[in-house]
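Visitor: I've just opened this one and I'm new to it. Can you walk me through it?

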Amino acid sequence: MFGLEGPDLSRMLTAMTLSFHIIFATIGVGVPLLISIAELIGIKKKDPHYHLLARRWTRGFTITVAVGVVTGTAIGLQLSLLWPSFMKVAGNVISLPLFMETFAFFFEAIFLGAYLYTWDRFKKPIYHWLLSIPVILGAGFSAVFITSVNAFMNTPQGFTMQDGKITAIDPIKAMLNPATPTKVFHVLSSSYLTSAAILAAITAFILIRNRAKAKTYYKKALKLTVIMTFVFAILTAIAGDLSAKFLAEYQPEKLAAAEWHFETEEAVDLILFGKLNADNTVERAIRIPKALSFLAFGDFNAEVKGLNDYPKDELPPLWVHYMFDLMVTFGMYAIGVSLLYIVLLKWKKGLTDNKWLLRLLVLNGPLAMLAIEFGWIYAEVGRQPWILRGYMKVSDAATTSPHVGAMLLLFLALYIVLGILCLVVLRKLFHHNPVHMELAERYPNFPWKGGKHK
Amino acid sequence: MSYQVVGITVLWLFLYGYLIIASIDFGAGFFAFYAKATQKDHLLNKLISRYLSPVWEVTNVFFVFFFVGLVGFFPQTAYYYGTALLVPGSIAIVLLAIRGSFYAFENYGSRKSNLYMFLYGATGLLIPASLSVALSISEGGFLRVSDGEVSLMLQRLLTSPYAWNVVFLAIVSVLFISAGFLTFYANRAGDKRALPLVRSYALFWSIPTITASLTTFIALSRHNPRHYEKMLDLWWMFGLSVAFFLVAIYLIYQGEKYGLAFFSIMLQFFFAFFGYGKAHLPYLLYPYITIYKDATHATMGQALIIAFIGGLVLLVPSLVMLMRLFLFDADYVKGKK
């Protein structure tokens, strides 16, 4: 099917499930934090706009959580269905964080249920806000545990393997492998960044259409989400830098593949985009002198290991270079556009209504999500041919079942249906219940007489 | 107790938890559809959605917990079941995905369409049917293993009286458990119009439940005599199961103590489920996987048990909070909150 066979079909199906799931997982990790911040500001400032913001975000969030839950269940089962040999090893060494992830998610699910249905049940609103903390923590720790499993696939440790037999297992050491800290940092910060960017993009989109009857509400939402975008974009950049330094030390072939760096040498240039020729020379690229050495080791003259130091059959495909560059570019775009908005907000407030600025902010939402996708494609394809680096190759881990192709079509249909329905439902949800009407219904006396909100 | 036995007991407890709360959910879906088809939905749907709304996500987690834990404690299961169950497992995932996401879409998004009610009802019966395949396979006789390669003998599975008995038992049990719970919940909510309806469902589905239990027992004696013999050794557990079944039916028939009646149903299934499980040991997949030969290493087993205890310390109070907010808060149940 599609000219693919055996392990490649399993890879396709896994890639499809993951690239669909990661959208909802990212929102699932990031949005609770923004909801919680909005609700807290609402309580502190006694401002119904922020309360309503938290409520409306939560309502949309439940829809995406549902898709996240079911696709998460899908990938959880598919790991065993498609990669039985890998899971046999993983079950022995890295099942602890997988197991704990279920607990973290369980915890989150319980408190999300409580949070959703108790908006008006507490005398003091702050008690309701407190319910958001375990949701944020549960979602965050889910990400931490799952990311540590992925980190383990890159830098496995905490066991010894002899003739296919695994001994001397240390579950904690396996979980806290060298890739875990930077990966966790990068995943968390980019989830918060992307969630903020998407909420900002939706808000800016509504403001552009200029049909918004509740402009103050949307402007407050935009200010909050763009500031959050900026904060987490900076943190994501720092996390990205640390990740590069981690790669240079522990997984140099992955960094070298992303950078088309072949000969081990000192003071290496950073190559942006360009075209790779058959003889491994690079054309039409932007070269930043010595920047790769600096990115890798914080020293412009440091020596960086090149691809030629590795056996040819253990190298990842070199197109990951583009994935890496696009991820970084989109990340930089997020920093740039959010900074621009903040600068204008401070010094030229009138310009924050400018349609072109709003359009740039709308663009930032999908770009941030694409950066997540490209980043994961780089992370996964960049580890090839290994599923467990140094121990097990992808081709040895896949199922031998002949039915993977049919399942690929089945799941493709499922994800198309889920994706379309999710968008339709979200649109309907907010279209039928516009802000100004809900505001009038819930807070009939708002804006308060003589107050500053108009 | 060895860590293997602790591990399988914990997992079996979670599967039992899933059996109960997922059955309530699955059965409620079918009853909601049935009520709509017979134009009685105005009596039932409010009751059902009031209960299900806050807990639907939690249901799914019990299941995820079970299979993640199973692979953790007994990694070999990933290899055998993973290879054999690609098709039935994938179908179950798709059904679960349709059910879970459509539930949220309809419940938070828009009004209930007929298509949705149909899917919600149908998946409620098809999911337990597809999941029960894993239990049938565990009895052995449905896998071909040669040179370490595992494949499912689909033909044999589809023509096996035992497998079909299990499917049938799974479906009617789901309906019985669900009806028993809804009777309790309707009474608790003071819903006088829904109560007679769901009570009649509970009484009706009790008969196929106990019949299917018996026929499955008999079919097992032919399919896996070893397991059957060991179940006979545990006759008292199955005796208790039947006794609690009779208590539940008596109470529901008399129209009193519906809470105790539902608790009896839970005990009925507890003893049957643990009697079945205990007799199944040491095999997780007859005759290939046992809990001793194929368990994870002791260090990992201990780490998992410690994580499990830590998790319980966190989860039990949270679950109690959730139940107090929604299940046992009289005002909420009655629809005043």
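Guide: Here is a short tour, chain by chain and then contact by contact.

Guide: This is a predicted model, so local features need pLDDT of at least 70 and side-chain atom pairs count only at pLDDT 80 or more, while totals for chains, interfaces and linings use all residues. Residues are numbered from 1 along each chain as its sequence is written, and chains are lettered from A and ligands numbered from 1 in the order in which they are written.

Visitor: Okay, chain A. How many helices and strands does chain A have?

Guide: Chain A has 16 helices and ten strands. Both are DSSP runs numbered from the N terminus: helices are H or I with at least four residues, strands are E with at least two.

Visitor: And what's the radius of gyration of chain A?

Guide: The radius of gyration of chain A is 24 Å, close to the 22 Å from the globule rule for 454 residues, so chain A is as compact as a globular protein of that length. That radius is taken over C-alpha atoms, and the rule is 2.2 Å times the number of residues to the power 0.38. The C-alpha atoms of chain A fill a box of roughly 75 × 45 × 40 Å along the principal axes.

Visitor: How much of chain A counts as buried?

Guide: Of its 454 residues, 51% count as buried. Buried means 20 or more other C-beta atoms within 10 Å of a residue's own, exposed means 12 or fewer, and partly exposed is in between, with C-beta atoms placed from the backbone.

Visitor: Now chain B. What are the figures there?

Guide: Chain B has 14 helices and four strands. Its radius of gyration is 20 Å, which agrees with the value near 20 Å for a compact globule of 337 residues. The C-alpha atoms of chain B fill a box of roughly 60 × 40 × 40 Å, taken along the principal axes, and buried residues make up 51% of chain B.

Visitor: What share of the contacts in chain B join residues 24 or more positions apart?

Guide: 77%, counting contacts with a separation of 6 or more. Two residues are in contact if their C-beta atoms, placed from the backbone, lie within 7 Å. For chain A, 75% of contacts between residues at least 6 apart join residues at least 24 apart.

Visitor: Switching topic: how do α1(B) and α12(B) pack?

Guide: α1(B) and helix α12 (residues 258-280) of chain B pack at an angle of about 140 degrees, with their axes 11 Å apart. That makes α1(B) oblique to α12(B). Axes are lines fitted to C-alpha atoms, for helices over the stretch in contact, and angles run from 0 to 180 degrees between N-to-C directions. Under 35 degrees counts as roughly parallel, over 145 as roughly antiparallel, 65 to 115 as roughly perpendicular and the rest as oblique.

Visitor: Which residues of α1(B) meet α12(B)?

Guide: B:Trp12, B:Tyr16, B:Leu19 and B:Ile20 do, and among their partners in α12(B) are B:Phe269 and B:Phe273. The residues of the contact of α1(B) with α12(B) divide into nine nonpolar, one polar and no charged. Here Ala, Val, Leu, Ile, Met, Phe, Trp, Tyr, Cys and Pro count as nonpolar, Asp, Glu, Lys and Arg as charged, and the others, Gly among them, as polar.

Visitor: And a pair in chain A, say α10(A) and α12(A): at what angle do they cross?

Guide: The axes of helix α10 (residues 252-259) and helix α12 (residues 320-347) of chain A cross at roughly 80 degrees and come within 6 Å. That makes α10(A) roughly perpendicular to α12(A).
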